[in-house]
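Have the sequence and the model open side by side.

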Amino acid sequence: MPSLRDLRRRIRSVQNTQKITKAMELVAAARMRRAQERVLNARPYADEIRSVMAELMKRTPEYEHPYLQVRPVRRRVIILVTADRGLCGALNSNNVRLALRSMNESEAPTAVVTIGRKGRDIIRRLRKDLIADNSEIGDKPKPHDVLPGTRVALEQYERGEADQVDLVFARFISVGRQQATLLRLIPVEPPKDAPPAAADFEYEPEAKDVLDALLPRYVEGQVYAAVLENQASEQAARMLAMRNASDNAEEFITDLTLTANKVRQATITTELMEIVGGAAALEG
Amino acid sequence: MAKLQVELVTAEGRLLSQEADFVLAPGMDGELGVLPRHIPLLTPLVTGEVVVRNEGNEERLFVSGGFLEVLPDRVVILADDAERADNIDERRAEEARHRAQELLAQNEDNAEAAAMLEGALFRLRVADIRRRRRGEHGGPPPAQ
């Protein structure tokens with residue numbers, strides 16, 4: 001039987017942990033709302049650039065920009081987006097697992113660019129081919145904050161050192177659901193869901209030149225959007241993980257309190273019995 | 001008279017959404033002026049300033065490249081990065097210019113520094129025009 005003092009100490013310690021997890025839950029909830037807002041704010045740009053690109057690709061079917069060429073895949077690059085911090089449930093390990101599975105399944109050797117400290121640490125520990133790291137961009141990244149890593153991946157492709165570039169991140173489906181997702185960045189697939197362009201455009205200089213300028217922006221925009229979405233997912237996952245932790249702490253405290261009461265009661269009962277027994281012995 | 005609906009969006013969000021009589025944007029082959037009922041056009045933009053005029057009011061923004069999409073009644077500017085002229089912090093721009101010049105002095109082919117310098121100079125110019133137009137002497141003197 002644990003002593004009453006130990007039990008009380010234990011309860012206090014769980015209560016303190018619960019205070020922290022509750023605070024983290026609230027912080028994550030507030031950050032998640034802001035992160036969701038950023039995802040929404042990024043939509044008009046993404047929609048617009050998609051519709052322009054779909055139109056351009058329709059207009060220049062014979063033009064094969066390198067980003068549009070499908071080549072036999074001898075080497076690949078994966079851009080792995082994760083969070084910088086842990087305590088967000090299985091979010092990071094799901095992303096990493098998806099990336100690793102895709103690496104094992106493909107015949108081609110795969111290099112990795114990481115955006116996010118957690119992914120970087122695991123990839124490095126596993127001694128995978130880590131070619132660039134773009135971590136620690138904070139929770140309010142600007143579009144240019146993700147450029148260095150993206151550029152490394154694009155350069156690999158442009159130099160022919162990679163024939164395909166993929167992106168792994170956690171898609172934000174709802175507050176309760178985030179899905180590790182693998183998206184092919186290059187070769188670029190024509191956007192399917194784009195609305196038809198509103199008019200018959202003139203292009204200056206040529207449609208092909210505009211497409212040349214647009215494609216890198218499109219790819220960079222996808223990486224930026226993925227990072228924003230991953231951040232919203234991170235906060236949602238952390239909020240949920242911390243809520244579960246707080247609930248578990250609550251349950252733990254209830255159980256411990258019950259045990260403590262029983263122990264206290266047992267002690268009192270024992271003491272009473274001793275007194276009664278002692279008195280009876282004196283009388284007898 | 002017909003109006004243009006102007007939208008300026010970056011990957012971070014919508015910076016401007018308003019009616020206008022005239023839009024000026026830094027096209028690849030020089031500045032491009034757009035009036036209502038312009039022919040539909042799509043062109044890349046270079047670093048420079050965008051001017052949006054509406055009934056005598058003028059809005060100036062700095063863009064660092066992007067795309068211009070012109071429709072008969074709508075102008076969409078997809079900017080890589082954009083800043084309103086009033087938000088441009090002159091002191092910061094001045095510091096950025098100094099830093100860029102120092103870097104350039106060390107290495108002539110430093111493309112990054114050259115881009116930084118170009119950006120800083122443009123921000124300064126936009127802020128300067130703004131101040132002169134208002135006829136006031138806003139802001140502290142640039143840091144030396």
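The side chains of Asp21(B) and Lys3(B) make a polar contact at 3.1 Å. A polar contact is a pair of N or O atoms within 3.5 Å; within protein, one must be able to donate a hydrogen and the other to accept it, and residues adjacent in sequence count only if both atoms are side-chain atoms. This is a predicted model: local features need pLDDT of at least 70, side-chain atom pairs count only at pLDDT 80 or more, and totals for chains, interfaces and linings use all residues. Residues are numbered from 1 along each chain as its sequence is written, chains are lettered from A and ligands numbered from 1 in the order in which they are written, and side-chain values use heavy atoms, with hydrogens and water left out.

Asp21(B) sits in the loop between strand S2 (13-20) and strand S3 (22-27) of chain B. Helices (H or I, at least four residues) and strands (E, at least two) are DSSP runs, numbered from the N terminus. Leaving aside neighbours within four places in sequence, Asp21(B) has contacts that include Val34(B), Pro36(B) and Arg53(B). Contact means heavy atoms within 4.5 Å.

Now take chain B as a whole. It has two helices and eight strands, in the order β-β-β-β-β-β-β-β-α-α along the sequence. Of its 144 residues, 48% are buried. Buried means under 20% relative accessible area, exposed over 50%, partly exposed in between (1.4 Å probe, protein chains only).

Turn to the aromatic rings. How many aromatic pairs are there over all chains? The count is two. Rings of Phe, Tyr and Trp (its six-membered ring) pair if their centres lie within 6.5 Å; planes under 30 degrees apart count as stacked, over 60 as edge-to-face and the rest as tilted. Tyr67(A) and Tyr157(A) are edge-to-face, 6.0 Å centre to centre with 75° between the planes. This pair links distant parts of the chain, 90 residues apart: Tyr67(A) is in the loop between helix H2 (43-59) and strand S1 (76-81), and Tyr157(A) is in helix H5 (residues 147-158). Tyr67(A) is buried at 2% relative accessibility. Tyr157(A) is buried at 0%. The planes of Phe201(A) and Tyr203(A) lie at 50°, with ring centres 6.3 Å apart, so that pair is tilted.

Return to Tyr157(A). Arg71(A) lies over its face, 4.1 Å from the ring centre. A charge sits over a ring if NZ of Lys or CZ of Arg is within 6 Å of the ring centre and within 35 degrees of the ring normal.
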